[in-house]
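User: I have a model open and would like to go through its packing and surface with you. Could we begin with the interior?

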Amino acid sequence: MSKTGALDLAAGVGGTIEKSQVLSAVNKYEKYHTCYGGKEEERKAEYRDVANKYYDLATSFYEYGWGESFHVARRWKGESLREGMKRHEHFIASQLALKPGLKVLDVGCGIGGPLREIARFSYTCITGLTDNAYHVKRGQELNRIAGVDKTCNFVKADFMQMPFPDNTFDAAYAIESTCHAPDAYECYKEIYRILKPGQHFAAYEWCMTDSFDPNNQEHRKIKADIEIGNGLTDIRLTGQLIEALKRAGFEVIWEKDLGPDSDIPWYAHMDKKRLSLTSFRTTGIGRWITSLTVKALEYVRLAPEGSVRVQEFLLQAGDGLYEGGRREIFTPMYFFLARKPISKSP
Ligand SMILES: C[S@@+](CC[C@H](N)C(=O)[O-])C[C@H]1O[C@@H](n2cnc3c(N)ncnc32)[C@H](O)[C@@H]1O
């Protein structure tokens with residue numbers, strides 16, 4: 001079962017970090033970031049530590065607020081957030097034409113929410129790869145409960161250097177995860193290597209759009225808020241990703257920012273003024289109640305020292321994402337479908 005109670009949230013803060021070390025992990029994590037004087041080069045050099053500290057600290061908040069899938073989704077009128085999220089997952093499965101018997105890789109799988117949904121939707125065997133040990137542990141527990149532990153598994157490894165032979169997989173996808181890579185080209189080259197020739201890679205990428213102005217101070221602040229609130233070293237431009245895919249050897253079948261298409265934009269549920277009963281915890285009042293709860297739980301030592309600070313940078317993320325989306329300078333759903341040509345070797 002998902003850990004969605006306030007006590008689960010409190011107990012989970014820190015993931016694999018010793019509870020007594022949570023505060024010092026928060027200090028170290030914050031110092032990586034621009035708002036605390038951190039430099040992009042250092043974040044990139046330490047990208048595994050940046051992401052792992054972030055997910056150790058933040059995962060129980062994600063499960064509490066979002067459930068088992070750690071991605072956003074756009075919606076159409078009458079659709080709940082959950083329905084939108086499932087459609088987002090089914091879309092990537094349909095683009096990859098997944099069918100029974102295929103061996104699929106989920107690159108940066110979180111605790112496996114999309115992996116379980118896609119495996120059941122398409123009858124495929126999926127390997128989930130994540131660099132975070134806590135995600136592997138939670139993912140394995142949830143796979144057992146969902147009854148997909150015989151067909152799906154988890155591997156703890158860095159997607160910049162994967163422990164798989166060349167030409168292993170029939171398909172690969174990445175949902176809001178390769179944004180953690182310090183270098184898109186090196187990451188895509190690695191995905192290209194493990195895919196069989198003729199097979200496809202699809203992703204939802206986090207990007208700054210062409211409307212982002214690096215000389216605009218407000219734009220830069222929004223970008224920095226998104227980075228600290230989501231464990232990112234830097235956010236690339238859409239055009240840089242397509243260039244990186246092509247340089248890695250992929251044929252780009254199609255690509256598009258799916259953000260602007262829907263009735264209800266992906267950032268709508270980060271609007272603090274919105275009211276919703278079905279996703280109450282992501283509303284302004286819901287977040288305020290969570291803040292009070294976390295403060296109380298930290299005060300009575302049921303949550304480790306530093307938990308309130310984690311919630312603060314997650315709120316910063318929500319504000320940055322909302323503003324980035326509203327001003328159309330950022331998208332978390334730059335979609336592409338790419339193919340490894342048959343003729344080229346890895
Ligand atoms: C935002 S979560 C998305 C998880 C999942 N795709 C979902 O939608 O629920 C990003 C995932 O990427 C993983 N990740 C970050 N950096 C990684 C790296 N260098 N190698 C492998 N996984 C990484 C994180 O551990 C996390 O599981």
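User: Which residues does Ile126 touch, leaving out those up to four places away in sequence?
Analyst: This is a predicted model. In it, Ile126 touches Val104, Asp106, Leu115, Ile118, Ala119, Thr151, Cys152, Asn153 and Tyr173, with residues up to four places away in sequence not counted.

User: And which residues have the most contacts inside the largest nonpolar core?
Analyst: Ile126 is among them, together with Ile92, Leu98, Tyr173, Ile226, Trp266 and Phe330. That core has 44 residues.

User: Which elements give two or more residues to this core?
Analyst: Four of the contributors named here are strands or helices from the middle of the list: helix 6 (113–122), strand 4 (169–175), strand 5 (195–208) and helix 9 (217–230). The others are helix 5 (81–95), helix 12 (307–326) and strand 7 (330–339).

User: What lies apart from it?
Analyst: Another core, of 34 residues, lies apart from the largest one. Its members include Phe169, Ala184, Ile194 and Leu195.

User: Let us turn to Cys187. Is that residue buried or exposed?
Analyst: Cys187 has a relative accessible area of 0%, so it counts as buried. The residue is located in helix 8 (residues 184–194).

User: What does Cys187 touch there?
Analyst: Not counting residues up to four places away in sequence, Cys187 touches Phe159, Met160, Thr178 and Ala181.

User: And how many residues apart are Cys187 and Val22 in sequence?
Analyst: They are 165 residues apart in sequence, and their C-alpha atoms are 30 Å apart in space.

User: Now the surface. Which residues make the nonpolar patch?
Analyst: Leu7, Tyr299, Val300 and Leu302 make a nonpolar surface patch of about 490 Å². Leu7 belongs to helix 1 (residues 6–12).

User: Why does Leu7 count as exposed?
Analyst: Leu7 counts as exposed because its relative accessibility is 56%, and the cut-off for exposed is over 50%.

User: Finally, the overall fold. How many helices and strands are there?
Analyst: The protein chain has 12 helices and seven strands. Its radius of gyration is 19 Å, close to the 20 Å that the globule rule gives for 346 residues, so the chain is as compact as a globular protein of that length.

User: What about contacts between residues 24 or more positions apart?
Analyst: Such pairs account for 77% of the contacts in the protein chain with a separation of 6 or more.

Note on methods
Residues are numbered from 1 along each chain as its sequence is written. This is a predicted model: local features need pLDDT of at least 70, side-chain atom pairs count only at pLDDT 80 or more; totals for chains, interfaces and linings use all residues. Side-chain values use heavy atoms; hydrogens and water are left out. A nonpolar core is a set of buried Ala, Val, Leu, Ile, Met, Phe, Trp, Tyr and Cys residues joined through side-chain atoms within 4.5 Å. Buried means under 20% relative accessible area, exposed over 50%, partly exposed in between (1.4 Å probe, protein chains only). Contact means heavy atoms within 4.5 Å. Patches are made of residues with over 30% relative accessible area and no salt bridge: like charges are joined within 9 Å, nonpolar side chains (Val, Leu, Ile, Met, Phe, Trp, Tyr) within 5 Å. Accessible areas come from the Shrake-Rupley method with a 1.4 Å probe; for residues, only the protein chains shown count as cover. A salt bridge is a side-chain nitrogen of Lys or Arg within 4 Å of a carboxyl oxygen of Asp or Glu. The radius of gyration is taken over C-alpha atoms; the globule rule is 2.2 Å times the number of residues to the power 0.38.
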